[in-house]
Amino acid sequence: MKMTFRWYGSDDPVTLENIRQIPGMTGVVSAIYSIPVGEVWPEEEIVKLKKQVEDAGLELEVIESVPVHEDIKLARGDYKRYIENYKTTIRNLAKHGIKCICYNFMPVFDWTRSRLDQPLEDGSNALVYYREDVDKMDPTKLALPGWDSSYSTDEMSQLIDAYKELGEEGLWKNLEYFIKEIMPVAVECDVNMGIHPDDPPWPIFGIPRIITCEANLDRFLALYPDKHHGLTLCSGSLGCTNLNDIPALIRKYGKEGRIHFAHIRNVKILDDGSFEESAHLSGCGSLDIVEILKAYHETGFKGYVRPDHGRMIWGETGKPGYGLYDRALGATYMNGIWETLEKLS
Ligand code: CS2
Ligand code: MN
């Protein structure tokens, strides 16, 4: 496996120099944040980003994410042009050494939480999802990082209604269309596409979510029978419900060569199905991180891995989930487990 770190570009308070000093870090995963969703990523911008990362002694082989325009998910408006643009972006990225692209097909909201800085018992702060609080939220009046805040209340209501009307099967149909369009290009460019599961993996605010469980991952992978069509397996997203057995999913899809990118995050599942993001250490959450890494090791995983969200510790401030310290501790813990597995095998 190749250990990587998510970096949000020059505006990220975590610098490339910081990341370079984390033991075992091979590279960063990043994106070009200035391009409006749906437009082509120009080669010059890709070259600039790549150079900046490489000048700092790190690699850039993974993009997280190339976002999918809402019109593609709804198959409306300009969606055919956006799909053509997406293909051009894949080609442009491949030309400059990108080997893996992460994306998701979550309607409107990316990851959803009720609070981004919940104080935990040990004095750290973490992202949490408390069901009771989410049930009381009005999605047309919300703003959370990762969410597109450019919609007015009216536009947001209309968008939500469009998805409610589309329903799960409608969303599957639009996903299938998108996959069958882009995958031949990814195969031709030898780029691995890894869809990120829905976070959390259940419908929110009445909007459908489909990348949620084993049956649906099977259905998704069957849409295009080529290894380039695969997964970003996020342990924390799929793992915030006991219904998903993460090590079993890793063994299954790992053997099939369908996992291209591993996100490793621990979460503590609470009695009512709420959850808190926790430190990576198995004892701090509901997931067994050793078992997860064993599953990757057993299946000969050669892909990219990154510590997913971390808590805010030691007084750090910054992008919720994406501070330096706790993610660096997580990476170091995982490297330690991996080294042990290597030496024992
Ligand atoms: C999440 C997502 O996994 C994560 O870190 O915060 O934002 C994820 O990056 C995207 O959904 C991937 O497309
Ligand atoms: Mn993730």
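Visitor: Are α4 and α6 roughly parallel or roughly antiparallel to each other?

Guide: In this predicted model, helix α4 (residues 79–95) and helix α6 (residues 153–189) have axes that come within 10 Å and cross at roughly 20°. Axes are lines fitted to C-alpha atoms, for helices over the stretch in contact, with angles from 0 to 180 degrees between N-to-C directions. Angles under 35 degrees count as roughly parallel, over 145 as roughly antiparallel, 65 to 115 as roughly perpendicular and the rest as oblique. The two helices are therefore roughly parallel.

Visitor: Happy with that! How many charged residues does the contact of α4 with α6 have?

Guide: I83, Y86, K87, I90, R91 and A94 in α4 meet F178, E181, I182, V185, A186 and C189 in α6 (contact: C-beta atoms, placed from the backbone, within 7 Å). Ala, Val, Leu, Ile, Met, Phe, Trp, Tyr, Cys and Pro count as nonpolar, Asp, Glu, Lys and Arg as charged, and the others, Gly among them, as polar. By class, the contact has 9 nonpolar residues, no polar ones, and the charged residues number 3.

Visitor: Which residue in β3 stands opposite S30?

Guide: Helices (H or I, at least four residues) and strands (E, at least two) are DSSP runs, numbered from the N terminus. Strand β2 (residues 27–30) pairs with strand β3 (residues 59–64) in the parallel sense over 3 bridges, where pairing needs at least two DSSP bridges. Opposite S30 stands I63.

Visitor: And how are the residues numbered, and which pLDDT applies to local features?

Guide: Residues are numbered from 1 along each chain as its sequence is written, with chains lettered from A and ligands numbered from 1 in the order in which they are written. Side-chain atom pairs count only at pLDDT 80 or more, totals for chains, interfaces and linings use all residues, and local features need pLDDT of at least 70.

Technical notes: Contact = placed C-beta atoms within 7 Å.
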